[in-house]
Amino acid sequence: MIKNDTSDNDMENDTVPGDEQPAAAIGRRHLQDDSPEIDFHQQLSAEAIRHSFFDRLKYTLGKDKYSATDRDAYLSLAYAVRDRLVARWIQTQQEYYHQDAKRVYYLSMEFLIGRTLGNSMINLGITGECEMAMREIGYSLEELREMEWDAGLGNGGLGRLAACYLDSASTVQIPFYGYGIRYEYGIFSQSIRDGYQVETPDNWLRYGNPWEMARPEFIYPVRFYGKVNQFTDRQGRLCHEWTDTESILAMAYDTPVPGYRNNTVNTLRLWSAKSTRDFNLAYFDRGDYIRAVEEKNGSENVSKVLYPNDNTSQGKELRLKQEYFFVSATLQDIIRRYRKTHDNFDAFPMKVAVQLNDTHPAIAIAELMRLLVDEEKIDWDKAWDITRNVCAYTNHTVMPEALEKWRVAIMTVVLPRHMAIIYEINRRFLDRVWTTYPGDFGRMSRMSIIEEGADKQVRMANLAIIGSHNVNGVSALHTSILKDRIFRDFNEFEPDKFVNITNGITQRRWILHSNPLLSKLITSRIGDGWVKDLSELTKLRPFADDASFRTQWRAVKMQNKEAFARWCEKELHESVDPATLFDFQVKRIHEYKRQLLNVLHAIALYHRIRDGKADDVLPRTIFFSGKSAPGYWMAKLIIKLIHSVGHVINQDPSVNGRLKVIFLPNYRVSLAQKIMPASELSEQISTAGMEASGTGNMKFMINGALTIGTLDGANVEMVEEAGSDNMFIFGLNAAEVSTLREKGYNPRSYYWQDPVLKKVIDSITSGFFSPDKKDLFQPIVNALLTDDTYCLFADFAAYANAQLNVEKAYRDTERWTRMSIMNTAGAGKFSSDRSVREYVDRIWRTKPIAITMPENK
């Protein structure tokens, strides 16, 4: 392990922004900062921001007012805002050092942070000042904000949740570090050609990233392959040496994460892969120019792309290397930081909390054991006690096929020492299980980390559970399913290990930033305390009966709908009527999320119109958005069906504005921030028992959208908070789904018994929506008729009836508005601030640390 110099004791005054590491260069050892205690880079006035803007334009970008482009203007403003974070960032890390704080390290393959400028301005409280400064210079703040590229660091809910926790941890002042990978190309950019999803690289770093700071002083070797030698040292201790390995280097890039209206600025540290050999001169001299850089390119592929396609053995190996790469670098960094103030590891669990966000970082269990046993020479039992008390695991799925597994054959080649450690962890654990349940071979098999068979697998979820002191689900329903079904054996073995912490969202981004009109209206009635304590939204409930407030509420919603309609016209060349019901289903495209159920209902509405019942159909615009995994053929066919159905409906003059189906391409955080304020109906219709929690449902709810959904994930708790009268709940619950499958589900019986459903399916089968290739969607029909894994047919009639209730409620304007207000008023539980505090109290057991800037002391 590369160790950075930690001999300097004067850490208070000699730090690197974003960390408390002392400067290592001898020439800087006693560098004194003679700059004024307060300068314009820290001041928050419009004049100071304007000054910083021109300073950065000239001295950072090398431009003046004659040569500056609009992008230069955005960059200058971004740097000016970042300047106001840096002093707070340094002070935060110094304070953590001085108080010897217990730090939380959040390991996640994804951080879907979106754009940073707007959120940073809000949390610093300088949005108005920036707007004034830019207006004086001649720029529109909104136009500059739109120039920022979404950070390509995540795919969906997992990464967005991690981003919300970053914001909340800083706001509630928890010593918190996010660790992940600095992907050069994030989740792909989605475009649509002839109705089909087309993936193109998301080169989000093309124009640079003004928010990150490279940290070449923090660079660690990460090893792969090789062999393991076993020997006995002079003290008679059995030792293992991992030799003949191939190495790549992990280099840190830090991004500041400010809390809301406080001085806390935490760190998101991302690792970029660097080759140990940039250039092979021998190959170059022989004229083999490709091989001269082949090793460099191969090494740096590890951080090149988020989630490489793992349908091939090479893709699987790269995915495993990605996970180990960031885990190893992170744990080396954590130990380096701890070692600066501690001579042994006795206090490690009191100073370090490692949270594994899903199974992707689960290899951390084996890696921490390797570092402690092999590198730090700690005996196995003590190392295992340390590991178990440090690590905790968040599970995000109830789908067995989504619980990550690795072939033993692959792991033995790529990480031979870790495979041996996993075998030893498993042997010792199963000894305990056998002692508790003697003779129960079935339980032993289910709880083993190794899944036996012709092709043995390493069950990463089992490893994470065994190596963690706590395991949490992310909604009450999800946690109960984990305890009662998915991990029942583990829960019976260690019943106190499993806890629930329902997911949340940060209200700063998802209403204060995204929906300023609604935020202003809410604050005008109940004050702004809700921005830091979302439970205060309950104070809105009495206003649901205030006619004037309802009028204002509707006016805000209409303004947001009109703004979204203008965006659709400008960006998609789609004409949208703001007077229609805005009905949204936006999320990753997956069969269990049941976008297909929504499409089937859209076809049913279309049939009602064509059958002369147009007056009975509520005018609505149905919006879909989301990406399919590149290798998920069925999900991509569903996207094509959405487009084909939309094409037919939108072109049919008989529809006459009653129905429109639109797919919004390239779903991302910045697009979601436009969608949520305009939304009126939120489709949360996954098969009950399939969705762990969901957070999109919460974002819609807080913005006043009404939910039509199943009793799945956090929907259950949303009903409890907003009231069942203010949502449209339908369909089988999780227990009923299980019972239906156990009895033998026959989807064809629903097809024959429901004439509406039959007509919908028959229209697809006939090629009505695919005249050029009539059997194009037959695979979808066949899957529904023969298996219907996700029970669409079983829920179709209930869903259609719930949609009739939606139409009835929407026609009663005052009732709909009351329901909308009650949804926002009931959203208080679903703040990520509450989630983070629950993690602190129940899992991490650390405490908030207030940061005071020197000039305020």
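1. In this note a residue is called buried when its relative accessible area is under 20%, exposed when that area is over 50%, and partly exposed in between, with a 1.4 Å probe and protein chains only. The model is a predicted one, in which local features need pLDDT of at least 70 and side-chain atom pairs count only at pLDDT 80 or more, while totals for chains, interfaces and linings use all residues. Residues are numbered from 1 along each chain as its sequence is written, and side-chain values use heavy atoms, with hydrogens and water left out.

2. Salt bridges, each a side-chain nitrogen of Lys or Arg within 4 Å of a carboxyl oxygen of Asp or Glu, come to a count of 62. One of them joins Glu146 to Arg115, with the closest N and O atoms 3.3 Å apart. This pair links distant parts of the chain, since Glu146 is in the loop between α5 (141–145) and α6 (157–171) and Arg115 is in the loop between β1 (103–107) and α3 (117–124), 31 residues apart. Arg115 counts as buried at 15% relative accessibility, whereas Glu146 is partly exposed at 36%.

3. Helices (H or I, at least four residues) and strands (E, at least two) are DSSP runs, numbered from the N terminus. Another salt bridge has its closest N and O atoms 2.6 Å apart and is formed by Glu814 and Arg550. Because Glu814 lies in helix α33 (residues 813–825) and Arg550 in helix α22 (residues 547–572), the pair ties together parts that are 264 residues apart in sequence. Arg550 is buried at 6% relative accessibility, while Glu814 is partly exposed at 29%.

4. Within helix α1 (residues 46–59), Arg50 and Glu47 are 3 residues apart and thus separated by about one helical turn, and their side chains meet in a salt bridge of 3.3 Å, N to O. A network of salt bridges also links Arg215, Asp254, Arg269, Asp333, Arg336 and Arg337.

5. A nonpolar core is a set of buried Ala, Val, Leu, Ile, Met, Phe, Trp, Tyr and Cys residues joined through side-chain atoms within 4.5 Å. The largest such core has 197 residues, and those with the most contacts inside it are Phe325, Phe348, Met411, Ile422 and Trp844. Apart from it lies another core, of 53 residues, with Ile526, Val556, Phe623 and Met701 among them.

6. Aromatic pairs are rings of Phe, Tyr and Trp (its six-membered ring) whose centres lie within 6.5 Å, counted as stacked with planes under 30 degrees apart, edge-to-face over 60 and tilted for the rest; there are 40 of them. Phe53 and Tyr139 form a tilted pair, 6.3 Å centre to centre with 50° between the planes. Since Phe53 lies in helix α1 and Tyr139 in the loop between α4 (127–137) and α5, this pair ties together parts that are 86 residues apart in sequence. Ring pairs also link Tyr106, Phe111, Tyr165, Phe176, Tyr839 and Trp844 into a cluster.

7. Two strands pair if DSSP finds at least two bridges between them. An open sheet is formed by 3 strands in the order β12-β14-β13, with antiparallel pairing. Both β12 (405–407) and β13 (450–451) stand at the edges with a single partner strand each, so one side of each is left without a neighbour in the sheet. Strand β13 is joined by 2 bridges to β14 (residues 457–459), where Gln457 is the bridge partner of Glu451.
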